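Thanks for making the time.

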Amino acid sequence: MAAASIRTVVFLAMVLAVGFLMIILSCVLWHNWLPLLVALTFVLAPLPNAIFAHCGSDEFSASYDGVNSGPVDLGRFITAMIVTTGFAMPVVLAHAQVIHNAACVMSILGGGLVYGTILTYSAAFSQEESEFD
Amino acid sequence: MSLPRSQYDPRRVCLNPFPNVDFGKHRRTVGVYLSGALFALAYWVFLDACIISKHAKAPWGPPDDPAPAPVHVTFVDWIPGLCSLLGFLVINLIDKDRVRGDENFGDARAVWRARLFLFVGFALMAGGLAGSVTVLVIKYIMPEYPDAFKYYGYANVTQNVALMLSVVILWMAQNTPSEYEYNLTL
């Protein structure tokens, strides 16, 4: 189990590095550093979820999974907004011909890799946490 | 002539006939995520039109005859989106249990007031949608601008439709019976 988890972590780190590499390449190749905002957006995306996840979990609602509270929903709403922003911003920039079309595609792919890595990592992490209970 | 027995109180005019769609256990989560994504999409489509309008200042038309762009996104285009945003906030500030009409708890007049504000919220959203269509027709289609400028109007309509879908999905997602009530009724 430990070896498998180490392998998973190394694999995820590599995917994360490839994602950042694609975003940075999309900036460097056309000498336009605006696509770097995509990386920032996707790194910020899980933050509202993480912050508001603790608002709904008092003793009572925790036993029912705590999914019923407004703050948790607000966190999810803001997270979905930021993720959509991350995908929409390069498209808008490319549409306005601020960045090159290829840079748009590369930054979207890289951002998807980064966010997928974050999602997978948090899912694996929460699985390990639940083994304690 | 006798009226058939109905499932609801026949004196009510405004029902909330949202269908009971079943997405399984995670439908609340999925609905909230989908609603947030639609909300952001709405504003990005509109901002796209704004940004392109700003960049259209550069010579428009053939290079030998640079003319200024005939029309721009102005404050008029923002008004329907602002109306829809206001309606979005009003609808989401309403306590959902009040509207459902459980008059067993609390005072009955709160139900009446909640329904009134729900009506105001949906009227604001519908007003935003109608306003966006009005802007599209009057400002962009009737003067017969080229398609590149009609896009501003279509983006405006898209924004308001997406905002309306977003609020409906959010309402449906939050109206689903929670796990707690579910456990009680089973």
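Across the interface of chain B and chain A there are 3 residue pairs in polar contact, counting pairs with both residues at pLDDT 80 or more. That cut-off applies to side-chain atom pairs here, as this is a predicted model. The elements of chain B that give two or more residues to the side touching chain A are helix H1, residues 27-55, helix H5, residues 147-175, and helix H6, residues 179-185. Which of them gives the largest share? That is H1(B), with 15 residues. By type, the chain B side divides into 13 nonpolar, 8 polar and 3 charged residues.

As for the extent of the interface, chain B and chain A bury about 2000 Å² between them. Carbon and sulfur atoms carry 71% of that area. The contact involves 24 residues of chain B and 19 residues of chain A. How many salt bridges are there between chain B and chain A? The count is 0.

Over all chains, the structure holds 1 salt bridge. The pair is Asp77(B) with Lys139(B), and their closest N and O atoms are 2.6 Å apart. In general, side chains of opposite charge can pair when their charged atoms come close. Is Asp77(B) buried or exposed? Its relative accessible area is 1%, so Asp77(B) counts as buried.

Now chain B as a whole. Chain B has 6 helices and 0 strands, so from the N terminus on, its elements run α-α-α-α-α-α. Of the 186 residues in chain B, 34% are buried. Among contacts in chain B with a separation of 6 or more, 77% are between residues 24 or more positions apart.

The UniProt record, an unreviewed entry, lists "transmembrane region" for chain B at residues 32-55, 75-95, 116-142 and 154-173. Two of these can be set against the model. For residues 75-95 of chain B, the end C-alpha atoms lie 33 Å apart, and the span is 86% helix and 0% strand. For residues 154-173 of chain B, the end C-alpha atoms lie 28 Å apart, with 100% helix and 0% strand.

Turning to chain A, UniProt places "transmembrane region", again in an unreviewed entry, at residues 6-29, 74-96 and 103-124. In the model, residues 6-29 of chain A are 96% helix and 0% strand, and the end C-alpha atoms of that span lie 34 Å apart. Residues 103-124 of chain A are 100% helix and 0% strand, with end C-alpha atoms 31 Å apart.

One residue of chain A to finish with is Ser26(A), which lies in helix H1 of chain A, residues 2-28. Ser26(A) has 1% relative accessibility and so counts as buried. What lies 2.6 Å from a polar atom of the Ser26(A) side chain? It is the backbone oxygen of Ile23(A). Leaving aside neighbours within four places in sequence, Ser26(A) is in contact with Asn32(A), Pro35(A), Ala103(A), Met106(A) and Ser107(A).

That's what I had for today.

Notes: Residues are numbered from 1 along each chain as its sequence is written. Chains are lettered from A and ligands numbered from 1 in the order in which they are written. This is a predicted model: local features need pLDDT of at least 70, side-chain atom pairs count only at pLDDT 80 or more; totals for chains, interfaces and linings use all residues. Side-chain values use heavy atoms; hydrogens and water are left out. UniProt positions are given in the numbering used here, feature names are shortened, and annotations may be inferred rather than shown by experiment. Helices (H or I, at least four residues) and strands (E, at least two) are DSSP runs, numbered from the N terminus. Contact means heavy atoms within 4.5 Å. Buried area is the accessible area (1.4 Å probe) that two parts lose on being put together, summed over both. A salt bridge is a side-chain nitrogen of Lys or Arg within 4 Å of a carboxyl oxygen of Asp or Glu. A polar contact is a pair of N or O atoms within 3.5 Å; within protein, one must be able to donate a hydrogen and the other to accept it, and residues adjacent in sequence count only if both atoms are side-chain atoms. Ala, Val, Leu, Ile, Met, Phe, Trp, Tyr, Cys and Pro count as nonpolar, Asp, Glu, Lys and Arg as charged, and the others, Gly among them, as polar. Buried means under 20% relative accessible area, exposed over 50%, partly exposed in between (1.4 Å probe, protein chains only).
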